[in-house]
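Thank you for letting me take a few minutes of the meeting. Please have a look at the structure first, and then I will take you through some of its details.

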Amino acid sequence: MPAPKKIVVIGPESTGKSTLCEQLATHYQTEWVPEYARNYLLEIRRPYTYEDLSLIARGQLQSEDQISSGLHKPLLFIDTDMYVMKVWCEYVFGKCHPFILDEIVKRNYDGYLLCNTDLPWVADELREYPDLESRERLYLMYKDLMINQSTPWVEIQGDYDERLQKAVNFVKALSV
């Protein structure tokens, strides 16, 4: 069987990325790669540093590689990639690790689902930007990245059902 098509779900925090990945994996009866950062940050129990973001990026890629190498299904959904790490590094620290930039160039994906900020922000112990201004600024950073790269992408917005339907339609179009 050929390698699975990899669809990445990106966007600011609390925009439904993990929920959408899980819904899509269920819909297509396949696997998804969770966001590595959540468990990492919960385990370190301290404020993260610039160096932590490099470790998180490496852990995210290791998780992706591990799941995709053993997958015998046509699709894999990925919650977070190196574009997310790039935006995070630049937004918080004003710079990005060369490793992350190199991986952006090396890695190939088949599609991106860019989650908009139109869902209500849901607080949890790891989220940092409840204000709409920050969330929209982050969204525009992601949108700029999507516009300036060649992989097909679509903006995902609406309620959870609308988001899932739009994502399914996009995946269907990629599979033709």
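Predicted model: local features only at pLDDT ≥ 70, side-chain atom pairs only at ≥ 80, totals over all residues.

Let me begin with serine 14, which sits in the loop that joins strand S1 (5-10) to helix H1 (17-27), where helices (H or I, at least four residues) and strands (E, at least two) are DSSP runs numbered from the N terminus. Residues are numbered from 1 along each chain as its sequence is written, and side-chain values use heavy atoms, with hydrogens and water left out.

Serine 14 has a positive phi of about 60°, although it is not a glycine. Is serine 14 buried or exposed? Serine 14 is buried, at a relative accessible area of 8%; buried means under 20% relative accessible area and exposed over 50%, with partly exposed in between, using a 1.4 Å probe and protein chains only.

Arginine 45, in the loop between helix H2 (36-44) and H3, also is not a glycine and has a positive phi, of about 50°. Arginine 45 is exposed, with a relative accessible area of 74%.

Now to the helix pair. The axes of helix H3 (residues 50-69) and helix H4 (residues 82-93) come within 10 Å and cross at roughly 175°; these axes are lines fitted to C-alpha atoms over the stretch in contact, and angles run from 0 to 180 degrees between N-to-C directions. H3 and H4 are therefore roughly antiparallel to each other, a term for angles over 145 degrees. Their contact (heavy atoms within 4.5 Å) involves residues including Tyr50, Leu53 and Ile56 of H3, and Met85, Trp88 and Phe93 of H4.

Finally, the pockets. On a 1 Å grid over the protein atoms alone, a pocket is an open set of points where a 1.4 Å probe fits, with protein on both sides within 12 Å along at least five of seven lines, and lining residues have an atom within 4 Å of a point. Serine 14 comes back here, as the largest pocket is lined by 30 residues, and Pro12, Glu13, Ser14, Lys17 and Glu35 lie nearest its centre. H4 returns too, giving the largest share of that lining, 5 residues. Among the residues that line the second largest pocket are Asp81, Met82, Tyr83 and Arg107, and the elements that give two or more residues to this lining are H4 and helix H5 (98-106).

How values were computed: Parallel < 35°, antiparallel > 145°, perpendicular 65-115°, else oblique.
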